[in-house]
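Me: I have this structure open and want to go through it piece by piece. Can you start with one of the loops?

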Amino acid sequence: MSCHVINSANEGILIAVMQVFLNGAEFITRYAGRIKQVHFKDIRIADDIKTTVPLGTGVIDLKSAYEAAKAANVEWIIYEQDNSEDPFADAAKSLEYLKSL
């Protein structure tokens, strides 16, 4: 994993909620105004990034992360799912979940 030190208030941050895991909303709130994009992933098994599932069906607290992103005026929320037996069906499920937020 690489790390980039942000020295300018003009630089934005992109985060993947799954990577900051259970503290996604806290992280977004802490860096509000700096975060421009958030990647949403959900996983079935905690700490196992190979178990991605449609949004809202795993263990990640995406609802809180969504509310924090909305309050922080994040420009983009991006859905991402690495592993799927039926990508189109899973994308449809994830889109419905996002609409429900």
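Reply: Ser84 sits in the loop between β5 and α4. Helices (H or I, at least four residues) and strands (E, at least two) are DSSP runs, numbered from the N terminus. This is a predicted model, in which local features need pLDDT of at least 70, side-chain atom pairs count only at pLDDT 80 or more, and totals for chains, interfaces and linings use all residues. Residues are numbered from 1 along each chain as its sequence is written, and side-chain values use heavy atoms, with hydrogens and water left out.

Me: Is Ser84 buried, exposed or partly exposed?

Reply: Ser84 counts as partly exposed because its relative accessibility is 29%. Buried means under 20% relative accessible area, exposed over 50%, and partly exposed in between (1.4 Å probe, protein chains only).

Me: What does the side chain of Ser84 make a polar contact with?

Reply: The side chain of Asp90, at 2.5 Å. The Ser84 side chain also reaches the backbone nitrogen of Asp86, at 3.1 Å. A polar contact is a pair of N or O atoms within 3.5 Å; within protein, one must be able to donate a hydrogen and the other to accept it, and residues adjacent in sequence count only if both atoms are side-chain atoms.

Me: And what separation is there between the C-alpha atoms of Ser84 and Thr51?

Reply: 9.1 Å, with the two residues 33 apart along the chain. Thr51 is in the loop between β3 (42-43) and β4 (52-53). Thr51 is buried because its relative accessibility is 7%. Its side chain reaches the backbone oxygen of Asp48 at 2.8 Å.

Me: Which residues does Thr51 touch?

Reply: Leaving out residues up to four places away in sequence, Thr51 touches Asp42, Ile43, Arg44 and Ile45. Contact means heavy atoms within 4.5 Å.

Me: Back to Asp90. Which residues of α4 are buried?

Reply: Asp90, Ser94 and Tyr97. They are on the same side of α4, because they cover an arc of only 55 degrees around the axis. The arc is that of the directions from the helix axis to the C-beta atoms. These buried residues pack against α3 and β5 (76-79). Phe88 and Lys99 are exposed, on the face turned away from the buried side of α4.

Me: What about α3, which residues are buried there?

Reply: Leu62, Ala65, Tyr66, Ala68 and Ala69 are buried in α3. They line one face of the helix, because they fall within an arc of 165 degrees seen down its axis. Lys70 and Ala71 are exposed, on the face turned away from that buried side.

Me: Where is Asn73?

Reply: In the loop between α3 and β5. Asn73 has a positive phi of about 55 degrees although it is not a glycine.

Me: Now the largest nonpolar core. Which members touch the most others?

Reply: Ile28, Val38, Phe40, Leu62 and Val74, out of 15 residues. The elements giving two or more residues to this core are β2 (35-40) and α3 (62-71). The largest share, 5 residues, comes from α3. A nonpolar core is a set of buried Ala, Val, Leu, Ile, Met, Phe, Trp, Tyr and Cys residues joined through side-chain atoms within 4.5 Å.

Me: Last one: what does the pLDDT average for the protein chain?

Reply: 81, and 78% of the residues score at least 70. pLDDT is the predictor's confidence in each residue, from 0 to 100. Over residues 1-6 the pLDDT is below 50. Where pLDDT is low, the predicted coordinates should not be read in detail.
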